[in-house]
Amino acid sequence: MRRKVLWALGFIALALLAVSCAPHATQDTLKPAGPNARDIKNLFVPVFWVAVAVFVIVEGGIVFIVIKFRHRKGRDRMPAQTHGNTRLEIGWTIAPALVLAFVMVPTVSLIWKLAAPPPAGALHVTVQGHQWWWGFKYTDPDMTTNYGTNQQVTVADVMVIPVGRPVYLDLESVGGLITGPNPPTSADFQVIHSFWVPELAGKQDVVPQRTNHILLSADHPGTYTGQCAEFCGLEHGRMKFQVLALSQSDWLAWVANQKQPAVTPTDPLAQQGSQLFLNPLSGDRGTCITCHAIGGTQAGSPAAPDLTHFADPAHACFAGCDFSTADRAALEAWLRDPNAVKLGAKMPNYNLSQSEIDALIAYLDGLK
Ligand code: CUA
């Protein structure tokens, strides 16, 4: 029995050790890449060591006493019975209070600092938590498209930001599919998500009917991966996203491109795909534009990802960042039956034929 328990404990320890190691973990809070994430790490490390010291002293004392004063054969007398020890009691009340006070001062001051209003010059982005993907709407006055009704630049799955500039996020839960047969209301799909890019900032809940905020900034150009961190339904674990930090010149080029309407296809196959996308599919199968938007066309629904610049190199992943945009096989599988590759996805199976899929991909591929 004792042996079995030891084996079990050994395996649990080994499993913990195995899952705690990754050479290039992309979601590592201990490798901060922005000022707020760094502040959080710089608070975590001393608090961690204080906790380690408390653990070692308390557990060490327990283990020492348990071994030193254990029952031994032939020693049958009762130990001396004591009741109350004023000095000890005062000591173990004051010592933890001092430890907590020591930890509280930097903790509370950092909480205040992180909750401060946005600094001047911050980029404002509204983050929209859907089931199960993230939308990003750039809400500054200079971030409107230069076509149609000059709406705010909106993207999905990859939030692009300029390096070094603070980005102030409004976090909103906006639900999922809002149209379809027997349309459920948007509120039916409004659930609590949590927005988390471990290398850039802390974690913040995304709560229906209210707006939370978080401030982040990236020190260096690069891709930072994020993840929904609050159970929000079937595909919670695959509700991922990326933050792509660009140098100032790359950022300006990206913004200029985002303001443009979608490319009008010239290739015949892509033109065919565009017709399929923008018009009802034959045989009452539905319409892509019931949910999707493509800038400069009649497609304008915010229910599903905005595909205006789907094939832009900055848009590296789609469908909750689960698939690479450049992965044609993944895109084909997605169009053939979204639920087969991502169970619970709100995009229905449109029973697309192979030639329809080819045409749609040709169209999407051109949306740079
Ligand atoms: Cu969204 Cu978990």
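Colleague: Is Glu332 buried or exposed?
Modeller: Glu332 is buried, at 18% relative accessible area. Buried means under 20% relative accessible area, exposed means over 50%, and partly exposed is in between, with a 1.4 Å probe and protein chains only.

Colleague: What kind of model is this?
Modeller: It is a predicted model, where local features need pLDDT of at least 70 and side-chain atom pairs count only at pLDDT 80 or more, while totals for chains, interfaces and linings use all residues. Residues are numbered from 1 along each chain as its sequence is written, and side-chain values use heavy atoms, with hydrogens and water left out.

Colleague: Back to Glu332. Which residue forms a salt bridge with it?
Modeller: Arg336 does, with the closest N and O atoms 3.4 Å apart. A salt bridge here is a side-chain nitrogen of Lys or Arg within 4 Å of a carboxyl oxygen of Asp or Glu. Arg336 is partly exposed, at 36%.

Colleague: Why are Glu332 and Arg336 separated by about one helical turn?
Modeller: Because they are 4 residues apart in helix 6 (residues 328-336). Helices (H or I, at least four residues) and strands (E, at least two) are DSSP runs, numbered from the N terminus.

Colleague: How many salt bridges are there in the whole structure?
Modeller: The search finds 11. One of them joins Asp219 to Arg38, with the closest N and O atoms 2.7 Å apart. Asp219 sits in the loop between strand 8 and strand 9, and Arg38 in helix 2 (residues 35-68), so this pair ties together parts 181 residues apart in sequence.

Colleague: And what does Lys113 meet in a salt bridge?
Modeller: The side chain of Asp39, at 2.5 Å from N to O. Lys113 is in helix 3 (residues 86-114) and Asp39 in helix 2, 74 residues apart. Lys113 is exposed, at 51%, whereas Asp39 is partly exposed, at 22%.

Colleague: New topic. How many disulfides does the structure hold?
Modeller: The structure holds 1. Cys317 and Cys321 form it, with their sulfur atoms 1.8 Å apart. The cut-off for a disulfide is a pair of cysteine sulfur atoms within 2.5 Å. Both of these cysteines are buried.

Colleague: Which residues touch the most other members in the largest nonpolar core?
Modeller: Phe136, Tyr138, Met159, Leu169, Phe195, Leu216 and Trp254, out of 41 residues. Strand 10 gives the largest share of this core, 5 residues. A nonpolar core is a set of buried Ala, Val, Leu, Ile, Met, Phe, Trp, Tyr and Cys residues joined through side-chain atoms within 4.5 Å. Another core of 29 residues lies apart from this one, and Leu276 and Trp334 are among its members.

Colleague: What do the buried residues of helix 5 pack against?
Modeller: Helix 8 (354-365). The buried residues of helix 5 (residues 268-278) include Leu276 and Phe277.

Colleague: What does Asp358 touch?
Modeller: Leu269, Arg328 and Glu332, leaving out residues up to four places away in sequence. Touching, or contact, means heavy atoms within 4.5 Å. Asp358 lies in helix 8 and is partly exposed, at 25%.

Colleague: Last one. Where is Leu6?
Modeller: In helix 1 (residues 2-19). Leu6 is exposed, at 57%.
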